Amino acid sequence: MSSENLSDTQMEYEDEKQDSQEKNTNLVKGEEVKLKAKYPGLGQKPGGSDFLMKRLQKGQKYFDSGDYNMAKAKMKNKQLPVAGPDKNLVTGDHIPTPQDLPQRRSSLVTSKLAG
Amino acid sequence: MAGAGGGGNDVQWCFSQVKGAIDDDVAEADIISTVEFNHSGELLATGDKGGRVVIFQQELESKNQPQCRGEYNVYSTFQSHEPEFDYLKSLEIEEKINKIRWLPQKNAAQFLLSTNDKTIKLWKISERDKRPEGYNLKEEDGRYRDPTTVTTLRVPVFQPMDLMVEASPRRVFANAHTYHINSISVNSDCETYLSADDLRINLWNLEITDRSFNIVDIKPVNMEELTEVITAAEFHPNQCNTFVYSSSKGTIRLCDMRASALCDQHSKLFEEPEDPSNRSFFSEIISSISDVKFSHSGRYMMTRDYLSVKIWDLNMESRPVETYQVHEYLRSKLCSLYENDCIFDKFECCWNGNDSVVMTGSYNNFFRMFDRGYRQDVTLEASRESSKPRSVLKPRKVCTGGKRKKDEISVDSLDFNKKILHTAWHPQDNIIAVATTNNLYIFQDKL
């Protein structure tokens, strides 16, 4: 990993500092290689718009009444499909029912810190 | 070394108290999301994911035990925020308390601001220790007396009663934020405060709830061009015209409200230049600042990014004056930390009372202190194992490679689910509050 030249002996401290910085860079670059190997299509814009947009949209749930009615019409003769285990899926053919919506109940219990 | 402390003495930190349930099954609502001492340090407030606030009060020191500082016991607890659903935007609004900030005390009552993603509330916490008795038209149990039966008049008098602490919402500051509120900060003028979301910062008057001024707006005209968001904001401790805000790109902007109504143009830009050869996919993510705090003196500010804590001199924008590595050994783990989302964890940081020591949290329920003067640092752990009353905390060490010494813990054994994101330091004394996922630890220095 350390491929620095050792000819400049007066600047030993600087070399050492550069050493550890290089080591750090190499560690991080190694991690980057690992990540890109796992997810080849990952971000042309590293840490850019994609994950920022996700952050801004936190908490957003989607419901499209057009989708809902189309799906209902399609399913007229069949059983209505219930929303799958992942309730945050954008609706398409999933038909949300009141039972599927997450319960929005406030905490009526006192905090355990106060117990 | 035994510890890092102000004044260079080897401060030894001792366990004092722990609050919260012992069981491992943690309900989401019990996850602590903010911890804050008030200005005197007498009160300690916590907020959680369930929207609840618990306030602890320090007992007066007893003459019998001069070696102990007063314990913190529950003073008041209330439901600050409730979950909501914005039907118009199809948006779930969490009740999680993102921040609590105390107002300086003006009278007998205490006031604090608490905020979730969308709404800020001003709460009044007041004590009642007497009540009026001897009404003419009401019985003691509250039933009304028939006025025709009243033959004499008496003057009601106040009689002592058991102390009751009441929390009531005095102001609700709503509907001013399109994006999620990450910070609130009370101005030194004690009349105004700011609230910051991902793209905007608003200025409020504490008395006025139906109006706020937008003072920073970084929303691009075309959202496709969005490159950075606001991550934290704070008013200067004594200059009422000055505030700073940090970004996801690792920059801090200082703004002066005297310069213009809209402070989009910063007065100072603090940014450490990055060596382009060090640039990687992770660079921007780990440079994102998760917290910014002014020193009590107002001369410095501290920022926390994923791997380090940096101290900046307000007079020098080009680079920080001090940099402390919190857990550099995580560099070799960035890939898995990205996959499990830990790389996005938002750690906070805090100063001690005289700005000589700074503290921040890490993983495995470790937290770190850096003594600026004596260039010492220490890693301590908040755990039930080291929770015997007044037992001194043993410094911890993470082994980064090679042979693991006894008592060291290897990087691979760290529990990344045990994160200490929120810590607070008493404004004067060496008393600290450290929040693990659902427990609050209080440590004190050995007297």
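**Strands, cysteines and confidence in a predicted model**

Trainee: Which strand of chain B do five bridges join to strand 13?
Mentor: Strands here are DSSP runs of E, at least two residues long, numbered from the N terminus. Two of them pair if DSSP finds at least two bridges between them. Strand 13 covers residues 192-196 of chain B and has an antiparallel partner, joined by five bridges: residues 200-205, strand 14 of chain B.

This is a predicted model: local features need pLDDT of at least 70, side-chain atom pairs count only at pLDDT 80 or more, and totals for chains, interfaces and linings use all residues. Residues are numbered from 1 along each chain as its sequence is written, chains are lettered from A and ligands numbered from 1 in the order written, and side-chain values use heavy atoms, without hydrogens or water.

Trainee: What is the bridge partner of B:Tyr193 in strand 14 of chain B?
Mentor: Strands of a sheet pair through backbone hydrogen bonds. For B:Tyr193, the partner in strand 14 of chain B is B:Trp204.

Trainee: Which strands stand at the edges of the sheet?
Mentor: The sheet is open, with antiparallel pairing and the order 12-13-14-15 in chain B. An edge strand has a single partner, so one side is left without a neighbour in the sheet. That describes strand 12 (183-186) and strand 15 (213-217) of chain B.

Trainee: How many disulfides does a search of the whole structure find?
Mentor: A disulfide is a pair of cysteine sulfur atoms within 2.5 Å. B:Cys190 is in none; its nearest cysteine sulfur, that of B:Cys240, is 10 Å away. B:Cys255 is in none either, with the sulfur of B:Cys263 5.2 Å away. Over all chains, the count is zero.

Trainee: Is B:Cys255 buried or exposed?
Mentor: Buried means under 20% relative accessible area, exposed over 50%, partly exposed in between (1.4 Å probe, protein chains only). B:Cys190, at 22%, is partly exposed. B:Cys255 has 0%, so the word is buried.

Trainee: Which helix of chain A has the highest mean pLDDT?
Mentor: Helices are DSSP runs of H or I, at least four residues long. Chain A has three of them and zero strands. Helix 3 (residues 65-74) has the lowest mean pLDDT, 74. The highest, 81, belongs to helix 1 (residues 12-38) of chain A.

Trainee: Where in chain A does pLDDT stay under 50?
Mentor: pLDDT is the predictor's confidence in each residue, from 0 to 100. Chain A has a mean of 68, and 51% of its residues reach 70 or more. Where pLDDT is low, the predicted coordinates should not be read in detail. The stretch under 50 is residues 1-6 of chain A.

Methods
Contact means heavy atoms within 4.5 Å.
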